[in-house]
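Please open the model in a viewer and keep the selection tool at hand.

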Amino acid sequence: MRIDIVTLFPELCDGFLSTSILGRARAKNLFEAHCHQIRDYTKNKQRQTDDCLRAVADQCAQQGRAKPHVVFLTAAGQPYNEEIARRLSSYESLALVCGHYEGIDQRVIDTFGDEEISIGDYVLTGGEIPAVVITDAIVRLLPGALGDEQSALSDSFQDNLLAPPVCTRPAEYKGWGVPEVLLSGHQANIDKWHHEQAIERTRLLRPDLLGE
């Protein structure tokens with residue numbers, strides 16, 4: 001998978017994409033990332049973002065890749081969630097366009113955009129943070145990105161449920177012990193407990209996910 005981030009501040013994104021799980025996945029070539037400085041592609045002051053997007057499309061074509069699916073990061077976009085992350089992870093080429101200051105000319109969005117996405121109902125100074133949030137959620141879904149392939153299946157928002165409570169070592173902490181079922185070694189019972197706890201936690205904290 002190739003992910004292109006189109007921005008006025010590529011250094012804000014590139015550092016994030018080179019660390020932790022994303023950095024390891026990038027080093028293993030599980031995905032290819034490019035952070036483009038819009039001004040580097042400028043032919044005139046009125047045509048910055050579209051020149052950059054044309055160049056990105058040309059680069060993808062030269063690699064034999066599909067035309068990138070173009071996402072504009074805007075306050076008016078659809079709210080980002082795990083379902084969208086899974087869908088975006090299926091694209092061979094993805095371009096994330098970061099707005100800044102007064103935003104992006106709507107004519108450019110209408111001409112080049114496939115969709116608009118927002119990561120929440122609040123105002124940020126630019127689209128760089130949304131771009132790395134979206135990329136993080138996508139990359140961890142790629143095969144080989146996580147050390148334990150099954151861990152993604154137990155994350156929050158899988159099957160519209162929050163993840164169950166996490167209990168780590170030591171088995172007792174300041175008088176609080178972990179549930180005995182987790183120490184039983186009986187995997188079927190442990191899995192049943194996790195599922196029941198996920199439902200209960202979702203009902204308590206995010207009943208909207210259950211349609212309640």
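Is aspartate 51 buried or exposed? Select it: aspartate 51 counts as buried, at 6% relative accessibility, where buried means under 20% relative accessible area, exposed over 50%, and partly exposed in between (1.4 Å probe, protein chains only).

Before moving on, note that this is a predicted model, in which local features need pLDDT of at least 70 and side-chain atom pairs count only at pLDDT 80 or more, while totals for chains, interfaces and linings use all residues. Residues are numbered from 1 along each chain as its sequence is written, and side-chain values use heavy atoms, with hydrogens and water left out.

Arginine 54 forms a salt bridge with aspartate 51, with 3.8 Å between the closest N and O atoms; a salt bridge is a side-chain nitrogen of Lys or Arg within 4 Å of a carboxyl oxygen of Asp or Glu. The two residues are three apart in helix 3 (residues 49–62), about one helical turn. Helices (H or I, at least four residues) and strands (E, at least two) are DSSP runs, numbered from the N terminus. Arginine 54 is partly exposed, at 38% relative accessible area.

Next, select arginine 203 and glutamate 200, whose side chains also meet in a salt bridge (3.8 Å, N to O). Both belong to helix 8 (residues 187–205) and are three residues apart, about one turn of the helix. An α-helix has 3.6 residues a turn, so residues three or four places apart point the same way. Arginine 203 is partly exposed at 38%, and glutamate 200 is partly exposed at 46%.

Arginine 2 lies in strand 1 (residues 2–7) and glutamate 32 in strand 2, so the pair ties together parts that are 30 residues apart in sequence. Arginine 2 is buried, at 1% relative accessibility, whereas glutamate 32 is partly exposed, at 23%.

**Helix 2**

Select residues 20–27, which form helix 2; within this helix, Leu22, Gly23 and Ala25 are buried. Viewed down the helix axis, the buried residues fall within an arc of 165°, so they line one face of the helix; the arc is that of the directions from the helix axis to the C-beta atoms. These buried residues pack against helix 1 (10–17) and helix 6 (128–139), contact meaning heavy atoms within 4.5 Å. On the other side, Ser20, Arg24 and Ala27 are exposed.

Stay with serine 20, whose phi is near 55°, a positive value in a residue other than glycine. Its relative accessible area is 51%. Then move to asparagine 29, in the loop between helix 2 and strand 2 (32–37). Asparagine 29 likewise has a positive phi, of about 60°, although it is not a glycine, and it is exposed at 67%. Most residues other than glycine have a negative phi.

**The cysteines**

Finally, how many disulfides are there, a disulfide being a pair of cysteine sulfur atoms within 2.5 Å? The count is zero. For cysteine 13, the nearest cysteine sulfur, that of cysteine 98, is 5.0 Å away. The sulfur of cysteine 52 is 10 Å from its closest cysteine sulfur, in cysteine 98, too far for a bond. Cysteine 13 is buried, with a relative accessible area of 0%, and cysteine 52 is buried, with a relative accessible area of 0%.

Note on methods
Disulfide = S-S within 2.5 Å.
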